[in-house]
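Please find below a note on the structure under review. It is arranged as numbered points, to be read beside the sequence and the model.

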Amino acid sequence: MTIEIKTSTIQPIRNTFAHIERRFGDKPASRYQEASYDLAPTTNFHYRPLWDPELRLNDPGRTAISMEDWYAFRDPRQYYYGSYVQARAKLQEITESNYAFFTRRDLAGRLPEGVREKVVRCLLPLRHLEMGANMNNVFGSAYGIGTVLTQAFLYNGMDRLGVAQYLSRIGLILDGNSGDTLKAAKTTWMEDPLWQDLRRYVEDVLAQKDWFEVFVAQDVVLDTLVYDIFYGQFDESMTEAGAGDLAMLIEFMQEWHKETSRWVDSVIKTAVAESDANREQIAAWVGDWKQQALAALGPLAEEAVGPDAINASAEVLNKRLTKAGL
Amino acid sequence: MSKVYMALQDNEEAHYLVEALEEDNPDATVDYQPAMIRIENEGHLVLKRETVEEKMGRDWDLQSLHVNLVTIGGNVDETDDEFTLSWN
Amino acid sequence: MAARKLNLKERYSLLTRDLDWEYSYRDKKEIFPYEEFEGIKITDWSKWEDPFRLTMDAYWKYQAEKEKKLYAIFDAFAQNNGQQNVTDARYINAIKVFLTGVSPLEYQAYSGYAHVGRQFSGVGARTACQMQSIDELRHVQTQVHAMSHYNKFFDGFQDFPHMHDRVWYLSVPKSFFDDARSAGPFEFMVAISFSFEYVLTNLLFVPFMSGAAYNGDMATVTFGFSAQSDEARHMTLGLEVIKFLLEQHPDNVPIVQRWIDKWFWRGTRLLAIVAMMMDYMLPNRVMSWKEAWEVYFEEAGGALFKDLARYGIEMPKYAATAIAEKEHISHQVWSIFYNYTHAAAFHTWMPDEKEMDWLSEKYPNSFDKHYRKRFEHWREMERAGERFYNPTLPMLCNTCQIPMGFTEMDDPTLTAYRQSVHKGERYNFCSDGCKDIFDHEPEKYVQSWLPVHQIYQGNCGGADIEKVLSEYYRINMGKDNMDFHGSPDEARWNEWHNLQSAEERLKKAG
């Protein structure tokens, strides 16, 4: 008797939360959906922020971009915290074993003449750029709207801190943990004329107030170029120079960028497709920042790879922008 | 002197941690509560990596303490070898 | 070459602290515009002590390990219909309060720490805050996932974010966090990292999670303890922030003390709801609110403030009042919700005889004297088919937004009222603590979105209260609200367990 009742009555009375049902219909929902949609507060805020009294908390007015529904920015990777850390833990494990292998076999000692210096001058200063990228993505997380977007910004921000830390560890592998290479790379970042326009670009982005513009300047324009030049072309030129082992140390950055690009592309595409006003605004931002980024990176790309490097990367960026509808 | 304390989730790994804590802090008191274990001591409590490794019979990274830690009271000092709680 | 061994501190410093640089193309104030307006003086950010030294690789590794364990248990819980194994369906109401009232605060914490995690010019503090931000995101998401299964079998969970923005009692937690997030970055840290995380959060999580363990709620125990494993890091951050601010400049001491006074009081008012959960909503009780308060505030907090005395920091201003209130607060809040359960998305009930005896035993100084008779009277009314619901709209405290139901501690029969007049308008408060907070920053607190005022002003869908509840709040009337006895939750539970309904039992008892 009891068993009969159990089987007939333990039926769910609903499939998911009401706000999820309103979006996706009355059916079981994914963990991504339940963890991401309509979580952020939207109305009846009590006090205006003392730090920005013109606007409310969670105010969509902190960007010139506007959206009918901010939850249109679905993350193609469907990352919520749990799936995000699991994915990163996997990548981290591979990286850890790469770094351990590189150190154990003393592959640093077998790098051809001049490569160490080149890595210190052309790759390690990027750890500071990554710190800027960390702050710029956390900016989007703090002031952006809609959890689907703001959580992805935070994952990206933490990823950039991770990349900066891996870059620093490359330095420590090369200098036997003395920190000398990091010191030298920082001096390069601060003083070497080759790097100053890039540093100016990063500081300029950090001073911007529109979080979507920050996203365009950092994740779309600068990252596309930087990752193509340094983790694509530079890696190839190092391999040609007989330093192919270095690839083990930047595999994380390559894999990470490939994966994250899917998200970046989808964000830009969604915003552009929303309205002409968005498209024009984004096109204007892209125009400004692209010009500056190409000018800043040109001499660096030439030093790191060769005279054609910047044009090849510009081509990669243009293709991405076209694909996104710009 | 005030009491410092830490609470650990009651699980397999925590039992080794508690053994290590008891060995290195002979005056500490251990209280088994629902689903967690609370260890407290006057003024000072130290968890030593070496002692934990001895109890477990394998390498153990001190930072993995955080997987089982529920709460703490006291100023924290964390090195590669020791996690210390104290009140001044 | 033989690599030199780096210790944890050196390594963390090279991998994190050293990533920062002095800006020269932009003024630092353009990049960190909010660091000065609160009057806090930071002379040297490099003196910041990192509260923990986790690099991202280790963070991903350990957090993934925690998540893997957690979700394995969620899956097992759902597959085995774990919701049937809790002590009693009344218990589920405690976690309804949790999901609608507390989980959205985890979300607010995520946003707040992202804000300060971008705005502090010290890289050590910035990074620690970012890590807390992503942890808080973890907490809200794991809570939503843990309760997702309960939502499928019980009423009241289904519209939690919508309700958090609107429902009268949920403006208590919402205004608490809006208050912190709209404050400057240093006040936010003193409010949330120190006053809440360090001083009070144990009172929210530890006894409540032990309570879940005692009541067969595997999902809640699991997310609770898993979240707590991040909490130890957050608490350490809270203590480091305070020490850093106090060591940076003596002028910071009075500012910090005022914030501690304010946020301690704001926090104790917020926790009144936890007091009620512990004493009334757990069928199997671990400890009383009073006992939890003694262990986690009086003992642990006492040790903390003794430690901070060397900086000139004293116990929070209204600590003595809060200590006296431990005898009363849970009973008073439960009374408020019992009165207004027709307007809430969870059920209340009167404790049975055995439960009343437990309360008498745990509260020898207050329960029999002030509450038991009233509760027995309400129980009699229910038996007579006249379950008491209060039809009027309550007056709310302008600061904490709780209905005015707290009493004077020197005369617990007398409801406490305080008032202030600002620009010719009168404002009401439940306590000296709440009045002080208003008086210090009236321009901020005149903005309070007070649910009862808003209903009267017609901003919640008109004057018809039924409509406010069903359409504006989206309470499923007759399902989410009213007494537990007679609710669909109770009926389903009884059906699963082949039990008689309370109504039938009452009939038989005659």
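The points below take up the chains, their contacts and some local features in turn.

1. Basis of the note. The model is predicted; local features are reported at pLDDT of at least 70 and side-chain atom pairs count only at pLDDT 80 or more, while totals for chains, interfaces and linings use all residues. Residues are numbered from 1 along each chain as its sequence is written, and chains are lettered from A and ligands numbered from 1 in the order in which they are written.

2. Chain C, overall form. Chain C contains 21 helices and four strands, where helices (H or I, at least four residues) and strands (E, at least two) are DSSP runs numbered from the N terminus. Its C-alpha trace spans about 85 × 60 × 45 Å along the principal axes. The radius of gyration of chain C is 24 Å, which agrees with the value near 24 Å for a compact globule of 510 residues; it is taken over C-alpha atoms, and the globule rule is 2.2 Å times the number of residues to the power 0.38.

3. Chain C, burial and contacts. Of the 510 residues in chain C, 57% are buried. A residue is called buried if 20 or more other C-beta atoms lie within 10 Å of its own, exposed if 12 or fewer, and partly exposed in between, with C-beta atoms placed from the backbone. Among contacts in chain C between residues at least 6 apart in sequence, 77% join residues at least 24 apart; a contact requires C-beta atoms, placed from the backbone, within 7 Å of each other.

4. Helix α8 of chain C. This helix covers residues 185-214 and bends by about 60° at C:L200, the bend being the angle between axes fitted to the seven residues ending there and the seven starting there. Of the 30 residues of α8(C), 28 are buried. Just after α8(C), C:G216 has a positive phi of about 75°.

5. The nonpolar core. The largest nonpolar core has 278 residues, and those with the most contacts inside it are A:V216, A:V221, A:I229, C:V190, C:M276 and C:M277. Such a core is a set of buried Ala, Val, Leu, Ile, Met, Phe, Trp, Tyr and Cys residues joined through C-beta atoms within 7 Å. The largest share of this core, 18 residues, comes from α8(C). Leaving aside residues up to four places away in sequence, C:M276 touches C:M281, C:S330, C:V333, C:W334 and C:F337.

6. Chains A and C. Which of the two pairs of chains in contact shares the most contacts? It is chains A and C. Their contact takes 71 residues from chain A and 70 residues from chain C. On the side of chain A that touches chain C, the largest share, ten residues, comes from α7(A). By class, that side of chain A has 35 nonpolar, 22 polar and 14 charged residues. Here Ala, Val, Leu, Ile, Met, Phe, Trp, Tyr, Cys and Pro count as nonpolar, Asp, Glu, Lys and Arg as charged, and the others, Gly among them, as polar.

7. Chains B and C. In this pair, 24 residues of chain B are in contact with 31 residues of chain C. The elements giving two or more residues to the side of chain B that touches chain C are β1 (3-9), β5 (69-73) and β6 (75-78) of chain B. Of these, β5(B) gives the most, with five residues. The residues on that side of chain B divide into nine nonpolar, twelve polar and three charged. No contact joins chain A and chain B, and their closest C-alpha atoms lie 14 Å apart.

8. Chain B itself. Chain B has two helices and seven strands, in the order β-α-β-β-β-α-β-β-β along the sequence. Its radius of gyration is 12 Å, in agreement with a value near 12 Å for a compact globule of 88 residues. Of the 88 residues of chain B, 42% count as buried.

9. Two residues with positive phi. A:D38 is not a glycine, yet has a positive phi of about 55°. A:D38 is found in the loop between α3 and α4 of chain A, and it counts as buried because it has 22 C-beta neighbours inside 10 Å. C:R474, also a residue other than glycine, has a positive phi near 65°. C:R474 is found in the loop between α19 (465-472) and α20 (488-497) of chain C and is partly exposed, with 17 other C-beta atoms within 10 Å.

10. Annotation. UniProt, in an unreviewed entry, places the feature "domain: YHS" at residues 415-449 of chain C. UniProt positions are given in the numbering used here, feature names are shortened, and annotations may be inferred rather than shown by experiment. In the model, residues 415-449 of chain C are 37% helix and 31% strand, and the end C-alpha atoms of the span lie 23 Å apart.
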